[in-house]
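Please look at the sequence and the model first, then read on.

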Amino acid sequence: MTIREPEIIELSTPSGPMRTLVLRPAAAGRFPGLLFHSEIFQLTAPICRTAAVLAGHGFIVALPEIYHEYLPAGTVLGYDQAGSDTGNRLKIEKPVAAYDADNRAVLDYLKGHAACSGRLGSFGPCIGGHLTYRAALQPDVAAAACFYPTDLHKRSLGAGMNDDSLARAAEITGELMLVFGRQDPHVPAEGRACIYQTLTAAGVSFTWHEFNAAHAFLRDEGLRYDAELARQALGLTVDFFRRCLAA
């Protein structure tokens, strides 16, 4: 389906205003809400295009700027060394509690949206995959699709680099979908095994997909992009959300 013109809103959080992009179907009706977490580079063109794909399949998609406390509103970091250095530095400056508060602000916004069915999910790649996992710790998130979540197996997200994400796996009541590239150095085989074993031991409901692909294979910019695998993975994602977030 077609989508409306993007809307930019400002949400209140304990650490200040958070600029958030909202994409939704043009059709009338009520749709599930998706909290979409970006990579460390914030709301780049590839991230916004992926969000548009999801919105066009019948979801209200909200994309917050994950470093809103540290960067001017509207800042997009480049896919270069300088952008990577800034994004990785801020990733471990921001407290985990602030990431969680941001999640809650977006989820509450979606839940209160007049066009939202009340069913909530989350999606994200890279750090966004980890933040999506954190969103799944919220009891009203019924489905979370985590693409190659960085730092999850190392427990190194946020200030102090000592997050409790995997330790809290048993709190997840919704379903997870996890997607990895087998040639991804950020989530190597031993890291994937750690995540799999932890979720299994905690009794989490999850599906697991591994592709012969590099880190960021979903991003439609740069040499690591794999168009066919991205198409397949996004198809799996849409099917996953439709199944889990049906009214």
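Helices and strands are DSSP runs, a helix (H or I) having at least four residues and a strand (E) at least two, and they are numbered from the N terminus. The model is a predicted one.

The structure holds two cavities of 30 Å³ or more. The volume of the largest cavity is about 60 Å³. Its lining is made of Glu39, Pro46, Ile47, Thr50, Pro125, Tyr148, Leu218, Arg219 and Asp220. Helix H1, residues 45–55, gives the most to this lining, with three residues.

In H1 the buried residues are Pro46, Ile47, Thr50, Ala51, Leu54 and Ala55. These buried residues pack against strand E2 (18–23), strand E3 (31–36), E4, strand E5 (116–125) and helix H6 (227–244).

**Helix H4 and Thr132**

Helix H4 spans residues 127–136 and is mostly covered, with 10 of its 10 residues buried. Among them are Ile127, His130, Tyr133 and Arg134.

Thr132 is placed in helix H4. Thr132 counts as buried because its relative accessibility is 0%, and the cut-off for buried is under 20%. Leaving aside neighbours within four places in sequence, Thr132 is in contact with His37, Ser122, Phe123, Gly124, Ala144, Ala145 and Cys146.

**Strand E6 and Val141**

Val141 lies in strand E6, residues 141–147. With a relative accessible area of 2%, Val141 is buried. Not counting residues up to four places away in sequence, Val141 touches Leu107, Leu120, Gly121, Ser122, Ala135, Ala136 and Gly174. Ala135 and Ala136 are buried residues of H4. Val141 and Ala216 are 75 residues apart along the chain, and 24 Å separates their C-alpha atoms.

**The loop between E6 and E7**

Tyr148 is found in the loop between E6 and E7, and Arg155 has its place in the loop between E6 and E7 as well. Tyr148 is not a glycine, yet its phi is positive, at about 30°. Arg155 is not a glycine either, and its positive phi is about 55°. Tyr148 counts as buried at 1% relative accessibility, while Arg155 is partly exposed, with a relative accessible area of 34%.

**Helix H5**

Helix H5, residues 189–202, has 14 residues and reaches 20 Å from its first C-alpha to its last, close to the 20 Å expected at 1.5 Å a residue. Its buried residues are Gly191, Arg192, Ile195 and Leu199. Seen down the axis of H5, these buried residues fall within an arc of 100°, so they line one face of the helix. On the other side of H5, Glu190, Gln197 and Ala201 are exposed. The cover over the buried residues of H5 includes H4, strand E7 (175–181) and strand E8 (205–211). Just after H5, Gly203 takes a positive phi of about 75°.

**An exposed loop residue**

Ala73 is in the loop between strand E4 (60–64) and helix H2 (81–91). Is Ala73 buried or exposed? Ala73 counts as exposed because its relative accessibility is 64%, and the cut-off for exposed is over 50%. Not counting residues up to four places away in sequence, Ala73 touches Arg19 and Glu65. Ala73 and Ile47 are 26 residues apart in sequence, and their C-alpha atoms are 17 Å apart in space.

**Cysteines**

How many disulfides does a search of the whole structure find? The search finds zero. Cys146 is in no disulfide, and the nearest cysteine sulfur, that of Cys244, is 12 Å away. For Cys244, the closest cysteine sulfur is in Cys146, and at 12 Å it is too far for a bond, because a disulfide needs the two sulfur atoms within 2.5 Å. Cys146 is buried, with a relative accessible area of 0%, and Cys244 is buried, with a relative accessible area of 11%.

**Accessibility of single residues**

The table lists the relative accessibility of residues described above.

| Residue | Relative accessibility | Class |
|---|---|---|
| Ala73 | 64% | exposed |
| Thr132 | 0% | buried |
| Val141 | 2% | buried |
| Cys146 | 0% | buried |
| Tyr148 | 1% | buried |
| Arg155 | 34% | partly exposed |
| Cys244 | 11% | buried |

Terms used:
Residues numbered from 1 in each chain as written. Predicted model: local features only at pLDDT ≥ 70, side-chain atom pairs only at ≥ 80, totals over all residues. Heavy atoms only, no water. Buried < 20%, exposed > 50% of the residue type's maximum accessible area, 1.4 Å probe, protein only. Contact = heavy atoms within 4.5 Å. Expected span 1.5 Å × (residues − 1). Arc of directions from axis to C-beta. 1 Å grid on protein atoms, 1.4 Å probe; cavity = no way out; pocket = protein on both sides within 12 Å on 5 of 7 lines; lining within 4 Å. Points joined across faces, edges and corners; volume = space filled by probe spheres on them.
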